[in-house]
Amino acid sequence: MPKLWNETIEAHRRAVRDAILDSTAELAAEHGVRSVTMTQIAEQAGIGRATLYKYFPDVEAILFAWHDRRITEHLGQLAEIRDRTDGAGDRLEAVLRAFAHISRHSRGHHGTELAALLHRDERVADAQRQLHDMIRDLLAAGVETGDFRGDVAPAELATYCLHALTAAAALPSDAAADRLVTVTLSGLREGNAVPGDRAAPVDRAVRDDRKPTRRHEQHGHHPGRSAH
């Protein structure tokens with residue numbers, strides 16, 4: 001079979017598959033996961049039921065495939081933004097802003113039956129690991145250049161970033177998401193201390209705070225008692 005013919009068939013299959021995924025997601029968001037049937041999906045996608053079953057065995061399999069496609073697209077977007085941005089600090093900021101916007105624009109699936117189903121998919125955990133590793137590596141590079149603080153492990157800071165910016169899903173605008181990114185970045189850049197440098201001053205401050213209390217107690221002054 002000629003190569004061009006093969007490519008045409010493959011392109012047709014991708015188009016049919018995409019139509020199935022998009023139609024299923026729309027129906028699930030509109031009517032609820034439990035209400036969607038394979039017959040509805042076939043009608044919405046403009047194909048026969050027999051053709052639909054050649055691609056997927058049931059509705060749940062279609063939804064997982066749709067979600068997997070979205071995850072792959074989002075990770076690809078973030079990687080592309082990372083690769084086209086120069087400078088460790090700017091690179092991480094660009095990725096975090098893009099992630100915050102993705103979180104906000106995906107909020108239609110949060111708190112729904114569809115979200116509950118999709119987030120049981122093991123591929124979600126794998127994608128989260130990939131994203132965490134991407135941000136961790138960007139932070140580590142930024143520590144080397146002095147752009148980010150060095151007193152907290154990059155892996156811990158990556159977890160902080162992801163948890164903070166997931167909150168963008170509840171924000172009303174992209175501007176609000178950008179402000180959240182700015183606040184998050186300020187936490188990454190505050191004090192480029194080497195691990196251990198801050199521990200001693202903090203301990204001394206705690207000890208100093210306690211000394212007056214001990215002195216007062218030696219002279220008969222106790223917290224909560226009135227002096228006469």
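Biologist: Is the crossing in which α5 passes α7 left-handed or right-handed?

Modeller: This is a predicted model, so I read the geometry from its coordinates. The contact takes A88, R91, L92, V95, L96 and F99 from α5, and L131, M134, I135, L138, L139, A141, G142 and T145 from α7. Where α5 passes α7, the crossing is left-handed.

Biologist: Which classes do the residues of that contact of α5 with α7 divide into, and how many fall in each?

Modeller: R91 of α5 is part of the contact, and so are G142 and T145 of α7. Gly counts as polar and Arg as charged. The contact divides into 11 nonpolar, two polar and one charged.

Biologist: How is α5 oriented relative to α7?

Modeller: Helix α5 covers residues 88–105 and helix α7 covers residues 122–145. Their axes lie 8 Å apart, at an angle of about 155 degrees. Angles over 145 degrees count as roughly antiparallel. Therefore α5 to α7 is roughly antiparallel.

Biologist: At what angle do α5 and α8 pack?

Modeller: From α5, L96, F99, A100 and S103 meet C161, L162, L165 and T166 in α8. That contact has six nonpolar, two polar and no charged residues. α5 passes α8 in a right-handed crossing. The axes are 9 Å apart, and the angle is about 40 degrees.

Biologist: What span does α7 reach from its first C-alpha to its last?

Modeller: α7 has 24 residues. At 1.5 Å a residue, 34 Å is expected. The model comes close to that, at 36 Å.

Biologist: What covers the buried residues of α9?

Modeller: Helix α9 spans residues 174–189 and reaches 23 Å, close to the 22 Å expected. Its buried residues are A176, A177, V181, T184, L185, G187 and L188. The cover includes α5, α7 and α8.

Biologist: How many helices does the protein chain have?

Modeller: The chain has 228 residues, and 34% of them count as buried. Among contacts with a separation of 6 or more, 68% join residues 24 or more positions apart. The chain has zero strands, and its helices number 10.

Conventions
Residues are numbered from 1 along each chain as its sequence is written. This is a predicted model: local features need pLDDT of at least 70, side-chain atom pairs count only at pLDDT 80 or more; totals for chains, interfaces and linings use all residues. Side-chain values use heavy atoms; hydrogens and water are left out. Axes are lines fitted to C-alpha atoms, for helices over the stretch in contact, and angles run from 0 to 180 degrees between N-to-C directions. Helices (H or I, at least four residues) and strands (E, at least two) are DSSP runs, numbered from the N terminus. Angles under 35 degrees count as roughly parallel, over 145 as roughly antiparallel, 65 to 115 as roughly perpendicular and the rest as oblique. A crossing is left-handed if the near helix is turned anticlockwise from the far one by less than a right angle, and right-handed if clockwise. Contact means heavy atoms within 4.5 Å. The expected span of a helix is 1.5 Å times one less than its number of residues. Buried means under 20% relative accessible area, exposed over 50%, partly exposed in between (1.4 Å probe, protein chains only).
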